[in-house]
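My entries follow the order in which I looked.

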Amino acid sequence: MQKICYAILPLLLFACQAEETPESTPKTDTTIAVTVGEATSATQPIIINSTGLVQASSSTKYAFKIGGVIERLYVDEGDRIKKGQLLATLRLTEIEAQYRQAQLGLEKAQRDQERVAGLYQDSIATREALENTQTQLDVAQATLKQVDFNRTYAKIYASSAGYIVRKLASSGEVIGPGVAVFVANDAAGRSGWLLECTVTDREWALLQPGDAADVVLDAYPEQQLAGRVGAKAAQADPVSGGFRVEVRLDQPQRSLAAGMYGNVTITTQKQETTLTIPYDALVEANGKTGFVYVPDGKASVRKVPVTIAQILPDVVQLAGGLQPGQPIVLGNSAFLAPGASIRIQREE
């Protein structure tokens, strides 16, 4: 009988230990404390961001007065030019032939006029014939003068000092009269400076001359330059498809140079109502798509996709995904997952 009791005793001790084990294990609290805010709506001006290059306000387009084949271009984009400098020439073969033809026409008209004048004095030619030859002589002289004038403008000379901003043609190219070959800017920017940027067709429609703009140049990143929208191109650029817009700078205190790169922020006169959330409410972002957590009842959360309009330093502007006044999770968002248990605490 004693042997049986001794055999049962270890089993009783093991059973007691097994009953005590669950009571000795501490419970783990998986509830995450969060703070809650809300999506707010606000009406504000539409902002347009772009980039561009600084140019002098006054620019000169250099072109040939007559058409022809370009013989040679003596400068390239970015080159500094001096007043009176030769920039380009046309091939003179055709022009010289026209000049020679005009000379021969004048010589013939002079001979005809002298011959008829002698006959008129001998009463052989009529006065009408004399007047006709004189008219032909006048026309021949005017033609030679015109051809000689055009021959002079078969060369392009710089009218003032500056920089070549654009080269729009190449040697050997056939070009029409008045078609720009170069665009040059004033060397010192005495007439002021502007930043030329490119915008989309929708942005172009929103912009109005006089809209306020802020410009930050890469050369002076610590300074913000004030400006206003000037001229808007009435035709899209055939290469980029964008529309050129001029932002005129208001008397910058820094020394500027043509070709400086800068970022421009334009505040339009148009307004829009946007939905705004705090920056720390956004848990993921990929392009225009992001996610936020919203309370699902009082004890859990769900993940909601949102469409991002613009990310600012402190807030995120949304184009869709939430409703004004809708609660959103702010604190500890990085530790959450869909369906996680939460405890909403008051924001300090």
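**Pockets and a helix pair**

I began with the largest pocket of this predicted model, and I noted that 18 residues line this pocket, with Lys61, Arg166, Val183, Glu196 and Arg244 lying nearest its centre. I then listed the elements that give two or more residues to this lining, and I found strands 3, 4, 9, 11, 12, 14 and 15. Strand 15 gives the most, with three residues. For the volume of the largest pocket I wrote down about 470 Å³, and by class I recorded eight nonpolar, four polar and six charged residues in its lining.

Of its 18 lining residues, I noted Ile46, Ile47, Glu272, Gln310 and Gln317 as the closest to its centre. Strand 3, helix 4, strand 16, strand 19 and strand 20 each give two or more residues to this lining, and strand 3 gives the most, with six. By class, I recorded nine nonpolar, six polar and three charged residues there.

My last entry concerns helix 2 (residues 93-121) and helix 3 (residues 127-152), which pack at an angle of about 160° with their axes 8 Å apart.

Terms used
Residues numbered from 1 in each chain as written. Predicted model: local features only at pLDDT ≥ 70, side-chain atom pairs only at ≥ 80, totals over all residues. Heavy atoms only, no water. Axes fitted to C-alpha atoms, helices over the stretch in contact; angles between N-to-C directions. Helix = DSSP H or I, 4+ residues; strand = E, 2+ residues; numbered from the N terminus. 1 Å grid on protein atoms, 1.4 Å probe; cavity = no way out; pocket = protein on both sides within 12 Å on 5 of 7 lines; lining within 4 Å. Points joined across faces, edges and corners; volume = space filled by probe spheres on them. Nonpolar A, V, L, I, M, F, W, Y, C, P; charged D, E, K, R; others polar.
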